[in-house]
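Hi,

Here is the structure we talked about handing over. Have a look below, and then read on for what turned up.

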Amino acid sequence: MDILKTKDLKKYYGSGDNVVKALDGIDLTVAEGEFAAIVGTSGSGKSTLLHMLGGLDRPTSGSVTVDGHDMFSLRDDELTIFRRRNIGFVFQSYNLIPTLSVYENIVMPIELDGNRADDSYIGEIVRTLGLEERLDSFPNQLSGGQQQRVAIARALAAKPAIILADEPTGNLDSRTSLDVIGLLRVTSEKFAQTIVMITHNEEIAQTADRIVRIEDGRIAGESHV
């Protein structure tokens, strides 16, 4: 089953002779439980694509369907709720809230939605990511790798349809990067979690099930690892 699908997705900036085609007709499908990597050079359109897949920006034309729902048929307020419930994000800069503890950061998206956290599921995520001893710590007491583990835990906590990871190892050294990607791989398999990762790092991309290459706003090729 395809959990994510785009159809003729376009994002243009400017007009006339000055138009920039950041995305120029992207057709992409991602199967439920798949770990896909999207790679490309700076300016290729991969980050713009991630913003569209996550409903963070609206396309010029085309559609993005997540778990059977056309995201851009929703009003802005509906889209915000849909995104919170169905899409987990892991950013390069972690985006943790400094005044909240590790545990509070992890469960925040669930509580924003007015729900109670599934303690047994959260406990399993915490154990998988090796955060048991850090739940009462604050982000500034953690290393970069530990902060990214918290970000992964937060993304998993609400049991989203997909997780979007935007250069998740961009601020980490090479050894910690491989540790974090290994944990993404483990969580993908253990929790049958669909993950789409943006990266410019070929070694990191090779850990995915499938690599999609973007050039000049178009899909230039795909390969299964």
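How many aromatic pairs does the structure hold? The structure holds two aromatic pairs, where rings of Phe, Tyr and Trp (its six-membered ring) pair if their centres lie within 6.5 Å, and planes under 30 degrees apart count as stacked, over 60 as edge-to-face and the rest as tilted. One is Phe89 with Phe91, stacked at 5.5 Å centre to centre with 5° between the planes. Phe89 is buried at 14% relative accessible area (buried is under 20%, exposed over 50%, partly exposed in between, with a 1.4 Å probe and protein chains only). Tyr121 and Phe191 make an edge-to-face pair, 5.5 Å centre to centre and 80° between the planes. That pair links distant parts of the chain, 70 residues apart: Tyr121 is in helix α4 (residues 119-128), and Phe191 is in the loop between α6 (174-190) and β8 (194-199). Tyr121 counts as buried because its relative accessibility is 12%, and Phe191 is buried too, at 15%.

Before you go further: this is a predicted model, in which local features need pLDDT of at least 70 and side-chain atom pairs count only at pLDDT 80 or more, while totals for chains, interfaces and linings use all residues. Residues are numbered from 1 along each chain as its sequence is written, and side-chain values use heavy atoms, with hydrogens and water left out.

Now the whole chain. The protein chain has seven helices and 10 strands (DSSP runs numbered from the N terminus: helices are H or I with at least four residues, strands E with at least two). Its radius of gyration is 17 Å, which agrees with the value near 17 Å for a compact globule of 225 residues (taken over C-alpha atoms; the rule is 2.2 Å times the number of residues to the power 0.38). The C-alpha atoms fill a box of roughly 55 × 40 × 35 Å along the principal axes. Buried residues make up 49% of the 225. Of the contacts (heavy atoms within 4.5 Å) between residues at least 6 apart in sequence, 67% join residues at least 24 apart.

Leaving out residues up to four places away in sequence, Gly25 touches Asp8, Leu9, Lys10 and Gly217. Gly25 and Val102 are 77 residues apart in sequence and 40 Å apart in space, C-alpha to C-alpha.

Cheers
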